[in-house]
Amino acid sequence: MTEDGPPPDELIQVRLITEFGWTISELDEQDEARALRLLAARNIEAAVRRVNEAVQSHQVNSVPASVWQLYKAASDAGDE
């Protein structure tokens, strides 16, 4: 996410290629929606872990606002 909204598609594609070790051709063969959901889930899991670790070590001020937003979204989704 940027201040102006989601990142450009090219950056998302680079992230997918990097995260999953794909080539551009392999990325083209993938179910993009599924890959994006997997990447989002991975990011949310990392945010939750980061917040939990910060809380346990009493360093909640070290967690960026963007991570807190993901944590809140995951928490809210779990409440539904």
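## Secondary structure

Helices, of at least four residues, and strands, of at least two, are DSSP runs that are numbered from the N terminus. The model examined here is predicted. Its chain holds four helices and zero strands, and the order of elements from the N terminus on is α-α-α-α.

The chain is more spread out than a compact globule, because its radius of gyration is 15 Å, well over the 12 Å that the globule rule gives for 80 residues. The C-alpha trace spans about 45 × 25 × 25 Å along the principal axes of the chain.

## Burial, contacts and surface

Of the 80 residues in the chain, 14% count as buried. Among contacts in the chain with a separation of 6 or more, 20% come from residues 24 or more positions apart.

The accessible surface of the chain amounts to about 6,300 Å², and 52% of this surface belongs to carbon and sulfur atoms.

## Glutamate 53

E53 is placed in helix 3, which covers residues 32–56.

## Aromatic pairs

The chain contains two aromatic pairs by the ring-centre rule. In one of them, the rings of F20 and W22 have centres 4.8 Å apart and planes at 20°; planes under 30 degrees apart count as stacked, so this pair is stacked. F20 is partly exposed, at 28% relative accessibility, whereas W22, at 18%, counts as buried because its value is under 20%.

The other pair is formed by W68 and Y71, whose ring centres are 5.9 Å apart and whose planes stand at 80°. An angle over 60 degrees counts as edge-to-face, so that is the arrangement of this pair. Both residues lie in helix 4 (residues 65–79), where they are three residues apart, about one turn of the helix. W68 has a relative accessible area of 32% and is partly exposed; Y71, with 28%, is partly exposed as well.

Terms used: Residues numbered from 1 in each chain as written. Predicted model: local features only at pLDDT ≥ 70, side-chain atom pairs only at ≥ 80, totals over all residues. Heavy atoms only, no water. Rg over C-alpha atoms; globule rule 2.2 N^0.38 Å. Buried < 20%, exposed > 50% of the residue type's maximum accessible area, 1.4 Å probe, protein only. Contact = heavy atoms within 4.5 Å. Areas by Shrake-Rupley, 256 points an atom, 1.4 Å probe, with all protein chains shown as cover. Phe/Tyr/Trp six-rings, centres within 6.5 Å; stacked < 30°, edge-to-face > 60°.
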